[in-house]
Amino acid sequence: MHHNYYFLRQLTNVLRDQLLGWKLGACFSQNKDELILGFYHASNQKELFIKAHFASYFCCLQFPVQFHRAKRNSIDLFSQLLDQEITEIQQFTNERSFWLHFGEQGLLFKMHGNRANVLLTEGNQVTDVFRSSLANDYSLDISSLNRPLAIDRTTFDAVEGNIRQLYPTFGTIPLAYLQQQDYENKSPDEQWQLLQSLLTQLENPDQYLVVEWQGKLHLSLLSIGSIVAQFAESIPALNDFFLRKIKRIRLDSLKGKLLQKLEKQKKQSEQYIRKNQRTLEKLETGLQHQQIADILMANLHQISEGATEVALYDFYHDQTVTIKLNQRLSPQKNAERYYRKAKNQKIEIAQLRKNIEQKETQQIDTEVHLEHLEPLADLSKIQQYAEEYQLLSGKAEEERSFPFRVFDLDGYTVWVGKSAKNNDELLRNYSRKDDLWLHAKDVTGSHVIIKQQGNQPPPPYIIEQAAQIAAYYSKRKSDSLCPVIVTPRKYVRKSKNLPPGAVMVDREEVVMVEPKLPK
């Protein structure tokens, strides 16, 4: 219900008390799915932040206590509203939208599920939008957002108590709540009374709940499912729901990815075992090359020179068989050819047995992983398990096929050398001039490369994590803090007289970090 009209109505009442007379001090985005608004008041030193998180998989507002803007990779938006005072906060009637007025201008929060957006307005016209992909928002008719509903007993009886016709604003949770109260099987009088009681709870909630219902987390004004957390105010409830939901999304994503990967491995192992068992059975039960060679040697006198095939008695299986021959070889040489094939066939049979045994062991391991992962409901435990058994993104296979250690830092690829010669290989053949090069200062250690993406350098927190990796794979691993050189690859030189792993750096910056690997 975090987008529901009845919740937004309570939220905007709180915002009206808190924000009227405040000014917009900052409005920016450092992530294509998030808009940050910071407000201040001239009479005190307090700040209030609104974060609009509008990812396609989850749209929600959050009210962080503080927010530190990144120095890079952020962009100012709606700058014409900066230092403008909020004059009114308008909640549209029976609509999932509210409006922050700054005199004639405003910011309209359209909280329509995954089509949520923030719109800049001038009068009643939309002049700019945050999510540009929702181009239809430019033509939004703001005057149509208020939808008064005049519901009385006569209207109720006319539609025979059909809730969806009466209250299209209810949404999933209130409808489910009525269903749990056996609404459909009650008399009209009982339905009307139940509906009035529900409206009272929605319009004047005495609690805000985070609930688990039908396997998903919900923010609710009604007691439904199992209660996860309970609050007396709307903003703390929304903040708690936001953090829990984000964590649950990450958990479901990671767990789902791991389970899908393991199920795929299990299926592939089963198919591999069936296929190779059929091949093995055919080799072991059919006429083998050793037996063919023996039959040929026992019947050399019956084989004509230059023949392409011959029908001979198979004394192993008491039947006549047709044997293919190489017409360029003598009967003796044909028999020797089959003896050579027999040696290879024995090797093939032994290898098939070995492969099947390995796959069966792998299949057992996969089933054990599935059994252990299925009940886990804690993100950190799932991550720990996946890392312990190297289940993330084929890490074990990747390290065997790729010469360097590989890390993924929020989409930035980081390569780490494994030895002095390996460091040279990384520098010479796997790095480009605009990549960032990192190395623990004045000690031996791994070369670390952050692969460049586009025209923008990596954000500071990515560089810091990569520097921590460089410190970890160095002689300063046990130090509490380690100085790490950071410089573009183009300023790093390798001359012929330098020993393996040694380089010359023409320009450098140094950061101090704690040696550790990313979680």
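A pocket, as I use the word, is an open set of points on a 1 Å grid over the protein atoms alone, with protein on both sides within 12 Å along at least five of seven lines; a cavity is a set of points where a 1.4 Å probe fits but cannot get out, and lining residues have an atom within 4 Å of a point. Grid points are joined across faces, edges and corners, and a volume is the space filled by probe spheres set on the points.

I note that this is a predicted model, in which local features need pLDDT of at least 70 and side-chain atom pairs count only at pLDDT 80 or more, while totals for chains, interfaces and linings use all residues. Residues are numbered from 1 along each chain as its sequence is written, and side-chain values use heavy atoms, with hydrogens and water left out.

**Second largest pocket**

I looked up the second largest pocket and found a volume of about 620 Å³. Its lining counts 27 residues, of which Met1, His2, His3, Gly113 and Thr172 are the closest to the centre. Two or more lining residues come from each of β4 (58-62), α4, β12 (216-220) and α6; helices (H or I, at least four residues) and strands (E, at least two) are DSSP runs, numbered from the N terminus. β12 gives the largest share, 4 residues. I sorted the lining into 12 nonpolar, 10 polar and 5 charged residues. Here Ala, Val, Leu, Ile, Met, Phe, Trp, Tyr, Cys and Pro count as nonpolar, Asp, Glu, Lys and Arg as charged, and the others, Gly among them, as polar.

**Cavity**

I searched the whole structure and found 1 cavity of 30 Å³ or more. The largest cavity holds about 40 Å³ of space. Its lining is His2, His3, Phe7, Leu8, Leu11, Cys60, Leu61, Met111 and Leu238. α1 supplies 3 of these residues, the largest share. The lining has 7 nonpolar and 2 polar residues, and no charged ones.

**Helix α5**

I checked the length of α5 (residues 188-203): its 16 residues should span 22 Å at 1.5 Å a residue, and the end C-alpha atoms are 22 Å apart, which agrees. The expected span is 1.5 Å times one less than the number of residues. Buried here are Gln191, Trp192, Leu194, Leu195, Leu198, Leu199 and Leu202. Seen down the axis, they fall within an arc of 165°, so they line one face of α5. The arc is that of the directions from the helix axis to the C-beta atoms. Buried means under 20% relative accessible area, exposed over 50%, partly exposed in between (1.4 Å probe, protein chains only). The cover over these residues includes α1 (5-19), α2 (153-158), α3 (163-166) and α4 (172-180).

I then took Gln191, whose relative accessible area is 7%. Beyond four places in sequence, Gln191 is in contact (heavy atoms within 4.5 Å) with Phe156, Gly161, Tyr183, Glu184 and Lys186.

**Leu19**

I found Leu19 in helix α1, buried at 0% relative accessibility. Leaving out residues up to four places away in sequence, Leu19 touches Phe39, Leu48, Ile50, Ile86 and Ile89.

**Helix α9**

In α9 (residues 379-388) I list Leu379, Ile382, Tyr385 and Ala386 as buried. They fall within an arc of 130° down the axis of α9, so they line one face. The face turned away from them carries exposed Lys381, Gln384 and Glu388. Among what covers the buried residues of α9 are α6 (234-285) and α8 (331-373). Gln390, which follows α9, has a positive phi, near 50°.
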